[in-house]
Amino acid sequence: MTDLVPELLNTLNRRPRRTGLLRKFERTAGDEVQGVLSEARATIDVIVELLRSDTWYVGLGIGDVAQPLPRSTRAGSGDAFVHAREAVNRAKSSPHHVNVVGTDARVAEQVETVLWLMASVLRRRSERGWAVADLLAEGLTRREIGVKLGISQSAVTQRAQAAGVAEEQRGRVLAAQLLGAGAAA
């Protein structure tokens with residue numbers, strides 16, 4: 001069996017635009033990795049990236065982190081780490097492979113609900129839908145995407161609608177807002 005963790009760590013840690021990464025993602029045990037992010041949007045971006053591959057169980061812990069942060073993610077402590085451990089265990093029996101546990105159970109459930117809905121949209125997305133979604137995320141216009149893919153602007157719009165691009169974008173915003181509000185509480 002191939003060890004997928006080194007490739008995952010490279011992917012998660014090499015993103016030049018990854019903001020809010022306080023401690024790099026590290027292997028904690030077996031096929032598990034853990035990182036520390038300070039920004040809600042960056043956290044949601046990582047989760048969406050993991051959901052896209054449909055390979056990983058994702059556990060998000062929301063809560064306090066003991067300060068100062070140690071150099072290694074593995075050495076971290078606090079409620080967020082305890083909640084993350086519980087969340088990843090729960091994710092293994094979750095219908096969408098993602099679970100959120102936090103000090104504020106209501107906020108955690110709300111964030112988890114949005115992530116489940118997003119996972120449902122992402123799982124149905126075709127390769128052609130992903131191609132359009134990725135190019136939109138890069139900032140290309142629908143006209144530019146049409147030229148790049150050799151399809152009409154109308155076809156780009158149809159693929160984006162079928163791929164649930166607008167739903168994903170709104171889900172990302174809502175999940176980040178809920179997570180940010182929960183972390184601030």
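Mentor: Let's start with Glu26 and Arg74, whose side chains meet in a salt bridge, with N and O 3.7 Å apart. This pair joins distant parts of the chain: Glu26 belongs to strand E1, while Arg74 sits in the loop between strand E3 (58–62) and helix H3 (79–91), 48 residues away. Please keep in mind as we go that this is a predicted model.

How buried or exposed is each partner of this pair? Glu26 has a relative accessible area of 18%, so with the limit for buried set at under 20%, Glu26 counts as buried. Arg74 counts as exposed because its relative accessibility is 53%, and exposed means over 50%.

Now follow me to helix H2, residues 40–53. Its residue Asp45 meets Arg172 in a salt bridge, with an N to O distance of 2.6 Å. Arg172 lies in helix H8 (residues 165–184), 127 residues from Asp45, so this pair too ties together distant parts of the chain. Asp45 is partly exposed at 24% relative accessibility, whereas Arg172 is buried at 16%. The two are also members of a network of salt bridges that links Arg41, Asp45, Arg125, Glu168 and Arg172. Across the model, the salt bridges come to 11.

Helix H2 also holds Thr43, which is buried because its relative accessibility is 8%, where the limit is under 20%. Which residues does Thr43 touch, leaving aside neighbours within four places in sequence? They are Leu37, Leu60 and Leu179.

Next, take a look at helix H7, residues 153–162. Ala155, Val156, Arg159 and Ala160 are its buried residues. Viewed down the axis of H7, these fall within an arc of 140°, so they line one face of the helix. On the face of H7 turned away from the buried side you will find the exposed residues Gln158, Gln161 and Ala162. Just after H7, Gly164 takes a positive phi of about 70°.

Last, see how H7 meets helix H6, residues 142–149. Two packed helices are described by the angle between their axes and the distance between the axes. The axes of H6 and H7 come within 8 Å and cross at roughly 100°, which means that H6 is roughly perpendicular to H7. H6 brings Arg142, Arg143, Ile145, Gly146 and Leu149 to the contact, and H7 brings Gln153, Val156, Thr157, Arg159 and Ala160. Sorted by class, the residues of this contact are four nonpolar, three polar and three charged. Val156, Arg159 and Ala160 take part in this contact, and they are also among the buried residues of H7.

Technical notes:
Residues numbered from 1 in each chain as written. Predicted model: local features only at pLDDT ≥ 70, side-chain atom pairs only at ≥ 80, totals over all residues. Heavy atoms only, no water. Salt bridge = Lys/Arg side-chain N within 4 Å of Asp/Glu carboxyl O. Helix = DSSP H or I, 4+ residues; strand = E, 2+ residues; numbered from the N terminus. Buried < 20%, exposed > 50% of the residue type's maximum accessible area, 1.4 Å probe, protein only. Arc of directions from axis to C-beta. Contact = heavy atoms within 4.5 Å. Axes fitted to C-alpha atoms, helices over the stretch in contact; angles between N-to-C directions. Parallel < 35°, antiparallel > 145°, perpendicular 65-115°, else oblique. Nonpolar A, V, L, I, M, F, W, Y, C, P; charged D, E, K, R; others polar.
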